[in-house]
Amino acid sequence: MTTEPQGQPRASANASPGPVSAIAVVIPAYNSARTLGAALASVAAQTLTPVAVVVGDDHSDDGTAALAARWQGLLPVEVVRLERNAGPAAARRAAIARIDAPLIALLDADDVWLPDHLASLAALHARTGGIVCADALRWHPGEGVRRATQRDHFPIPAPEHQVLDILRHNFVSIGALFPRAAYEDAGGFRDGVSGAEDWDLWIRLIRAGLRVHGIGAPTLLYRVDSRGLSHRTDIFDTYARVLERAVQEAGDDQQRAVAREALGWMRSQRALGAAYGHARAHRPWKARRAALACLPGSPRFVLEASLILASPSLAVRIGDAARRRRW
């Protein structure tokens, strides 16, 4: 397998398949000195070497930039430091602005690639074009890796269903590869949805005609950390903002209806998360008040909300046990 030299013309927005192209890796990082070394080591171990590795340092104050710079002898690393803390979308934009490779591969600063990750994505993209992504193993540091993979929970739909299904849930793992030209045409990563800026981008790319393809085996370790953005309760507010944009920007009435339905589900999920939060903090009346916002709703929301209304403390024990089994 060979790579084209950096500086070749960018792939077309239609992302048609073809020979393996030069790939640049983009890593947003904020106070990531604890985890970034492992992420960069996994890039250095790839069987397919990227032409560039750009770390978008979101104005860290813990030595993230210095750690990344120490890898410059082993990887084609460049560090782009933001003048102020502006969020992961801004960090990714700043990094992407410094590259001209036709394909972009995303890696979060707390995740790890297996050695054939990049080669597997590149080979699939050469056959299919579009967006290609890996399956991910959910890694709980100190506890090990869960048996169920990301795709077990969020399978990739058939191409003809993806325009609507991406509005219902994000089935594209963050360990994805996509064409730079299509990214530019879609408007790139946008602010205001920190922690879900990738979902916001996938919605627009898929609406523009790109389709998602997945490699068959997990090649990404997705670190599950309760301190991360995606594990804050208020992330559901961010997801709701993504869907509010999707409603406004929908290409037709069907897309708009599906986005509105998903938005209602997300708001119920937020209310349920708030109810559990109050229950854990031993505020039973606030827990019950938040649970009422889930009614009426889907059978799952009605069941969990009813349990909180009956006994907030018991609901927490049952709900946490169920989530541990799922994840």
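Predicted model: local features only at pLDDT ≥ 70, side-chain atom pairs only at ≥ 80, totals over all residues.
Let me start with helices H9 and H10. The axes of helix H9 (residues 235-249) and H10 come within 9 Å and cross at roughly 165°. Axes here are lines fitted to C-alpha atoms, for helices over the stretch in contact, and angles run from 0 to 180 degrees between N-to-C directions. Helices (H or I, at least four residues) and strands (E, at least two) are DSSP runs, numbered from the N terminus. H9 and H10 are therefore roughly antiparallel to each other; angles over 145 degrees count as roughly antiparallel, under 35 as roughly parallel, 65 to 115 as roughly perpendicular and the rest as oblique. The crossing of H9 and H10 is left-handed, a term used if the near helix is turned anticlockwise from the far one by less than a right angle, with clockwise giving right-handed. On the H9 side, the contact includes Phe 236, Tyr 239, Leu 243 and Val 247, and on the H10 side it includes Arg 256, Ala 259, Leu 263, Met 266 and Arg 270. Contact means heavy atoms within 4.5 Å.

Residues are numbered from 1 along each chain as its sequence is written, and side-chain values use heavy atoms, with hydrogens and water left out.

Next, the other partner of H10. Helix H10 (residues 253-280) packs with helix H12 (residues 299-310) at an angle of about 20°, and their axes are 11 Å apart. H10 and H12 are therefore roughly parallel to each other, and H10 passes H12 in a left-handed crossing. Among the residues that meet are Trp 265, Gln 269, Leu 272 and Tyr 276 in H10, and Phe 301, Glu 304 and Ile 308 in H12.

H12 also packs with helix H11 (residues 284-292), at an angle of about 155° and with the axes 9 Å apart. H11 and H12 are therefore roughly antiparallel to each other, and this crossing too is left-handed. Here Ala 287, Arg 288, Ala 291 and Leu 292 of H11 meet Ala 305, Ile 308, Leu 309 and Ala 310 of H12.

Now the loops that link these helices. His 282 is placed in the loop between H10 and H11. What is its phi? His 282 has a positive phi of about 60° although it is not a glycine. In general, most residues other than glycine have a negative phi. At 70% relative accessibility, His 282 counts as exposed; exposed means over 50% relative accessible area, buried under 20%, and partly exposed in between, with a 1.4 Å probe and protein chains only. In the loop between H11 and H12 lies Gly 297, which is partly exposed at a relative accessible area of 40%. The C-alpha atoms of Gly 297 and Gly 264 are separated by 8.8 Å, the two residues being 33 residues apart along the chain.

Let me turn to helix H1. In H1 (residues 36-44), Leu 36, Gly 37, Ala 39, Leu 40, Ser 42 and Val 43 are buried. Their cover includes strand S1 (23-29), strand S2 (52-57), helix H2 (64-69) and strand S5 (112-113). The loop between S1 and H1 holds Asn 31. Asn 31 is not a glycine, yet it has a positive phi of about 45°, and it is partly exposed, with a relative accessible area of 29%.

Arg 93 is found in helix H3 (residues 88-96) and counts as partly exposed at 29% relative accessibility. Which residues does Arg 93 touch, not counting residues up to four places away in sequence? They are Tyr 183, Phe 189, Arg 190 and Asp 191.

I close with the protein as a whole. Its secondary structure comes to 13 helices and nine strands. Of the 327 residues, buried residues make up 50%. Among contacts between residues at least 6 apart in sequence, 75% join residues at least 24 apart. The protein exposes about 14,600 Å², of which carbon and sulfur atoms supply 53%; such areas come from the Shrake-Rupley method with a 1.4 Å probe, and for residues only the protein chains shown count as cover. How many disulfides does a search of the whole structure find? The search finds zero, a disulfide being a pair of cysteine sulfur atoms within 2.5 Å. Cys 133 is buried, with a relative accessible area of 1%, and Cys 294 is buried at 0%.
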